[in-house]
Amino acid sequence: MAERRIFSGIQPTGRKHLGNYIGAIRQYVEGQNRGEAIYCIVDLHAITVPQDPAELRERLHDTAAILIAAGLDPERCILFRQSDVVEHTELCWLLGTVTAWGDLNRMHQFKEKAEQQRELVSAGLFFYPVLQAADVLAYRATEVPVGDDQRQHIELMRDIAERFNARFGELLVVPEGRYPEVGARIMNLQDPETRMSTTYGSEQGTVYIVEEDDAVRAKVRSAVTDSGTEVRRGPDKAGITNLIEILSVVRGVAPEEVEREFDGSGYGDFKSAVADALVQYLAPVRERYAGLRGDEAALEATLAAGAEKARVIAAETLADVRDAVGIGPARA
Ligand code: TRP
């Protein structure tokens, strides 16, 4: 097994935006250089809240195309669709038997999502974190790059792995979460106190990865700032702080360097520079996306090849787990 095995999952819902790109997708791309990288588009997680079936398939293709356009190389990583590898659901059940009900009952994300449901809070939504644990543990991954909002889910999967190992022998790897550094939290441009997100916050304040140059420029130009004039970070300057951090990430320089460069310039000039840099950053991704998204057969072929590779690894773990738990015939 590779020394470092990186695994992460991404939901095939919503239109992917700059927050997803900087907070997660960039880490996935970089992961390909640091170890064996495995990325899963989690359609089984998506259906824990209502989805239109046809729409779900569209969004899955969107997500696959975005990931490849952003730099995931199916030759250098394993990119697959969760539902193509049935081992995830089997391991989910098995891990459910070593998961404390009380722990699931304390999950913040469950509570938040449950509150948003109008008709049904599904048991699947309650079990969501167990499926997430199965995703990672099936590959004996060592490292999980995720957003800050996933800390509780990562802690839970570590507890599940430890409890499993204590009961059945050291079969599972206890993974480490890898969280983006400060500054990688991109805020809504219209409401810089809240995270950029497709579920909350204004459309005008959300920069999508696949977005026309003019729209990107207009959104940056109309970003909410403050009544001051100085381009520097500060607690009372959430909007400018966010733009400084965006520019620093896009250019790959420290935020201090951005502050130094724009010392003495007005907000207008600064915003123009951010807009130009963002357009330059996103345009190539959008162009590659357009080419990839149109060929669904090719996307499906890529996902099928990824699933085949993933299945080999997951099936091996499942054989060990089934044997240790004592289900099915004893192994020869
Ligand atoms: N719950 C994660 C999110 O909403 C997505 C996810 C599913 C995931 N399975 C995973 C992330 C496994 C990391 C590892 O972002």
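In this predicted model, Phe110 is buried, with a relative accessible area of 16%. Phe126 is buried as well, at 14% relative accessibility. For both residues the value falls under the 20% cut-off, and therefore each counts as buried.

Aromatic pairs were searched for across the whole structure, and eight were found. One of them joins Phe7 and Tyr139. This pair is stacked, with 5.2 Å from centre to centre and 20° between the planes. Phe7 belongs to strand 1, whereas Tyr139 sits in the loop between helix 7 and strand 4 (143-145), so the contact ties together parts that are 132 residues apart in sequence. Phe7 is buried at 1% relative accessibility. Tyr139 is buried at 0%. A cluster of aromatic residues is made up of Phe7, Phe80 and Tyr139.

Phe110 and Phe126 form another aromatic pair. Their ring centres are 5.2 Å apart and their planes meet at 80°, so the arrangement is edge-to-face. The angle is over the 60 degrees required for that class. Phe110 lies in helix 6 (residues 108-116) and Phe126 in helix 7, so this pair links parts 16 residues apart in sequence.

Two arginines lie over tyrosine rings. The charged end of Arg15 sits over the ring of Tyr208, 4.0 Å from the ring centre. Arg151 lies over the face of Tyr179, and here the distance to the ring centre is 3.8 Å.

Phe7 also takes part in the ligand shell. By class, the shell holds six nonpolar, five polar and one charged residues. Helix 7 gives the largest share, four residues.

Two elements give two or more residues to the shell: strand 1 (5-10) and helix 7 (123-137).

Methods:
Residues are numbered from 1 along each chain as its sequence is written. This is a predicted model: local features need pLDDT of at least 70, side-chain atom pairs count only at pLDDT 80 or more; totals for chains, interfaces and linings use all residues. Side-chain values use heavy atoms; hydrogens and water are left out. A residue is near a molecule or strand if one of its heavy atoms lies within 4 Å of it. Ala, Val, Leu, Ile, Met, Phe, Trp, Tyr, Cys and Pro count as nonpolar, Asp, Glu, Lys and Arg as charged, and the others, Gly among them, as polar. Rings of Phe, Tyr and Trp (its six-membered ring) pair if their centres lie within 6.5 Å; planes under 30 degrees apart count as stacked, over 60 as edge-to-face and the rest as tilted. Buried means under 20% relative accessible area, exposed over 50%, partly exposed in between (1.4 Å probe, protein chains only). A charge sits over a ring if NZ of Lys or CZ of Arg is within 6 Å of the ring centre and within 35 degrees of the ring normal.
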